[in-house]
Amino acid sequence: MSIAAPLVELDAAARAAVEQAIELLRGRRVAVLTGAGVSTDSGIPDYRGVGAPVRTPMTYSQFLADEPYRKRYWAGSHLGWERFAAAGPNAGHRTLADLEHGGVVTGVVTQNVDGLHVRAGSRRVVDLHGSMDRVTCLHCGQTFDRGAIAERIARLNPWLSDADATMNPDGDAEVADVSRFQVPECSVCGGTLKPDIVFFGEFVPPVKFEEARGIVARSDALLVLGSSLVVNSGIRLVGLAAKKRIPTIIVNRGETKADARAALKIDAGTTETLAAFREALLR
């Protein structure tokens with residue numbers, strides 16, 4: 001078949017691979033797994049993509065053990081949240097919502113914490129690593145809206161908006177001096193607050209992974225978008241697709257850990273590739 005306008009930004013090799021992918025996906029119920037590459041067109045940096053800075057993220061045990069770590073985390077996370085809150089869904093997010101509404105996509109499992117799939121209109125979304133828009137008290141379990149916590153941080157730390165900081169992916173920044181930062185406490189019990197996201201060193205909640213597994217189990221293909229599949233939860237879903245004997249198609253700039261296991265790998269951007277899928281699969 002011939003593909004028109006949406007592929008003008010793709011090179012010949014990617015165009016040919018997209019045509020093969022469309023033939024593989026046509027008539028199938030498609031589970032989708034997304035990573036940071038889906039949100040780069042919304043202005044949110046990719047954590048592991050080509051050109052991304054090398055970083056050593058804070059672990060969950062560090063966050064729990066030491067107040068200076070919590071100061072560093074909350075100061076950087078607050079500045080990162082401002083970027084996340086200002087970002088909007090891009091055409092790729094909206095295309096996935098259209099494909100779900102059109103009966104092609106059975107659900108989206110995302111490794112992202114930006115909430116953009118839901119804001120784009122996707123209805124069945126499993127946020128494997130949580131969402132930055134929620135904050136939970138580790139002592140009493142009370143949940144807060146992130147916007148309300150952000151207002152408290154701004155009141156406690158009016159100097160922070162002018163601080164020397166370097167923005168990083170995954171919703172945080174590196175603030176040069178956090179010694180005077182005041183960490184917000186739970187307004188119910190005075191306990192430690194933590195964004196409702198999975199830190200390095202934490203496990204994906206079992207109920208979340210079971211929801212993700214269910215989406216793949218009820219589908220006829222797995223489409224991986226913008227993920228290098230370094231995180232174990234993503235590889236496990238690829239393994240589930242292989243066990244179920246359904247094809248996995250990967251769209252990602254650069255190599256992933258599952259390229260050899262995929263029925264097809266497309267080395268291209270997710271937004272333009274999804275535009276082609278939408279045109280062909282929603283006819």
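**Cysteines and a helix**

Modeller: Start with Cys137, which lies in strand β4, residues 130-137. Strands here are DSSP runs of E, at least two residues, and helices are runs of H or I, at least four, all numbered from the N terminus. This is a predicted model: local features need pLDDT of at least 70, side-chain atom pairs count only at pLDDT 80 or more, and totals for chains, interfaces and linings use all residues. Residues are numbered from 1 along each chain as its sequence is written, and side-chain values use heavy atoms, leaving out hydrogens and water.

Colleague: Is Cys137 buried or exposed?

Modeller: Cys137 is at 3% relative accessibility, so it counts as buried. Buried means under 20% relative accessible area, exposed over 50%, and partly exposed in between, with a 1.4 Å probe and protein chains only.

Colleague: And where is Cys189?

Modeller: Cys189 sits in the loop between β7 (172-175) and β8 (193-197). At 40% relative accessibility, Cys189 is partly exposed.

Colleague: What does Cys189 touch?

Modeller: Leaving out residues up to four places away in sequence, Cys189 touches Cys137, His139 and Cys140. Contact means heavy atoms within 4.5 Å.

Colleague: Which residues does UniProt list as "binding site"?

Modeller: The unreviewed UniProt entry gives Cys137, Cys140, Cys186 and Cys189. They span 53 residues in sequence, but no two of their C-alpha atoms are more than 8.6 Å apart, so they gather at one spot. UniProt positions use the numbering here, feature names are shortened, and annotations may be inferred rather than shown by experiment.

Colleague: New topic. How many residues has helix α8?

Modeller: Helix α8 has 13 residues, 232-244. From first C-alpha to last, α8 reaches 18 Å, close to the 18 Å expected. The expected span is 1.5 Å times one less than the number of residues.

Colleague: What do the buried residues of α8 pack against?

Modeller: Their partners are β1 (30-34), β2 (105-110), α7 (206-217), β9 (221-225) and β10 (248-251). Leu237 and Val238 are among the buried residues of α8.

Colleague: What follows α8?

Modeller: Arg245, with a positive phi near 60°.
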